[in-house]
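Please read the points below with the model open beside you. Each point takes up one part of the chain and can be checked against the display.

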Amino acid sequence: MHTALVLSLSTPLLKPQKSLYANSKPRPTSFRPLQIHSSCYNGIPCRNAYLHSYRCFKTQDPTSFFCSYYNNNRSFKVYAASVPESTSQNETSDLARIIQLAAMFGIWYLLNIYYNIFNKQVLKVYPFPATVTAFQCGCGTLMIIITWALNLYHKPKLTRSQFTAILPLAVAHTMGNLLTNISLGKVAVSFTHTIKAMEPFFTVLFASLFLGERPSFWVLSSLVPIVGGVALASFTESSFNLTGFCSAMASNVTNQSRNVLSKKFMVSKEEALDNVNLFSVITIISFILLAPTAVVMEGIKFTPSYLQSAANHGLNVRELCVRALIAGFCFHSYQQVSYLILQMVNPVSHAVGNSVKRVVVIVSSVIFFQIPISPVNSLGTAIALAGVFLYSRAKRKTPPPMPKAS
């Protein structure tokens, strides 16, 4: 039930309000003191008032009443009407929201599965991670431009202060994706994502070092199974490669540095972009940074001879291009869907969903690529992922840090 109140002062400045149900005959119902607490409406502060005498009347309409209050030489009149809500409509809207969220989580997971599978297939026969990452960001940039051109989503007006705040985030985002693709090209998908389960450890570390946040006992306790599980999985990983391991660990550092930078260089709420446009701008900047970086690191690899070399490893040029395009589409789409979900749920719920996503990706990649894993390796992965889930639960119980006094 929502209650709408109309408050009128018995002074010449305000006209008296009429009853919401003028034809209803009122009758008194209750008497008790009323305290009006200080509040603010459109930036205008209101003082406290304690009203010692008032009388409430019910009308013939069962959904309304009005009260008269007397305080010294001034009086207040409050007219209230309860607006009944349809229970069936509430249940229908709640059910629709649950279905929508479930569908978006399903799409998020499905896009992740397709991206990791096709991206791994491309990197196996075309071992140029910088070029592949630049191509994927280029696909995302093209999709963003089309979205803005067709007015499917509003185009942001970027200011100098916004660009200054976003640029460090884009640099960290670029390095994180590049390092992840380097790792995926060297080790199994499941192992890369097991290592990336270490992200909470670096989140706590950087927040403590650079933001002065003190983690709770339960948050610190949840890091123990994460670190132990990743260590156990690494020692028993059949596809272990030092470059792949270090690249995945470095991607954790850059990705969590991005989160810290987003807090350190946070702009005002009036200037802040919404999640979708923020990621869109970051993607475009990443493509601009990656295109020349790929040429410097690997040279120009989009020549027919390099593409044809993939045929010697099991994929012809057409298959390579199709898989690269699908991976590029899924790469941008799954991150956009992730940001859309973040706008609908709280960050802790999103973190739990991200933990489940990592489990889904690991299991699907093991099944698809038929990766041989030992029981000890499986145990290490399971412990690490359980630790990530416990970390999410611990963050839910931890109160947000108090803002520092200026």
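Predicted model: local features only at pLDDT ≥ 70, side-chain atom pairs only at ≥ 80, totals over all residues.

1. Which backbone oxygen lies 3.0 Å from a polar atom of the side chain of serine 364? The backbone oxygen of valine 361 does. The side chain of serine 364 also reaches the backbone oxygen of valine 360, at 2.9 Å. Both are polar contacts (a pair of N or O atoms within 3.5 Å; within protein, one must be able to donate a hydrogen and the other to accept it, and residues adjacent in sequence count only if both atoms are side-chain atoms). Serine 364 is placed in helix H11, residues 347–369. Helices (H or I, at least four residues) and strands (E, at least two) are DSSP runs, numbered from the N terminus. An α-helix has 3.6 residues a turn, so residues three or four places apart point the same way. Serine 364 counts as buried because its relative accessibility is 17%; buried means under 20% relative accessible area, exposed over 50%, and partly exposed in between (1.4 Å probe, protein chains only).

2. Residues are numbered from 1 along each chain as its sequence is written, and side-chain values use heavy atoms, with hydrogens and water left out.

3. The protein chain as a whole comes next. Its secondary structure comes to 12 helices and nine strands. Of the 406 residues in the protein chain, 42% are buried. The chain exposes about 23,300 Å², of which carbon and sulfur atoms supply 65%; accessible areas come from the Shrake-Rupley method with a 1.4 Å probe, and for residues only the protein chains shown count as cover. Among contacts (heavy atoms within 4.5 Å) with a separation of 6 or more, 79% are accounted for by residues 24 or more positions apart.

4. Helix H10 covers residues 317–344. How far apart are its end C-alpha atoms? They are 41 Å apart, which agrees with the 40 Å that its 28 residues should span at 1.5 Å a residue; the expected span is 1.5 Å times one less than the number of residues. Asparagine 316 caps the N-terminal end of H10, with a side-chain oxygen 3.2 Å from the backbone nitrogen of arginine 318.

5. Phenylalanine 329 touches Leu111 and Met143, leaving aside residues up to four places away in sequence. With that exclusion, serine 333 also touches Leu111 and Met143. Phenylalanine 329 is partly exposed because its relative accessible area is 43%, whereas serine 333, at 11%, is buried. Phenylalanine 329 and glycine 138 are 191 residues apart in sequence, yet their C-alpha atoms are 9.9 Å apart in space.

6. How many disulfides does the structure hold? It holds zero, a disulfide being a pair of cysteine sulfur atoms within 2.5 Å. For cysteine 139, the nearest cysteine sulfur is that of cysteine 137, 9.2 Å away. Cysteine 139 counts as buried at 13% relative accessibility, and so does cysteine 330, at 4%.

7. Leucine 179 lies in helix H3, residues 160–186. Its relative accessibility is 18%, so leucine 179 counts as buried. The C-alpha atoms of leucine 179 and alanine 250 are 6.8 Å apart, although 71 residues separate them in sequence.

8. Asparagine 151, in the loop between helix H2 (129–149) and H3, has phi near 55°, a positive value in a residue other than glycine. Glutamine 370, in the loop between H11 and helix H12 (375–397), has a positive phi of about 50° although it is not a glycine. Asparagine 151 is exposed, with a relative accessible area of 66%, and glutamine 370 is exposed at 68%.
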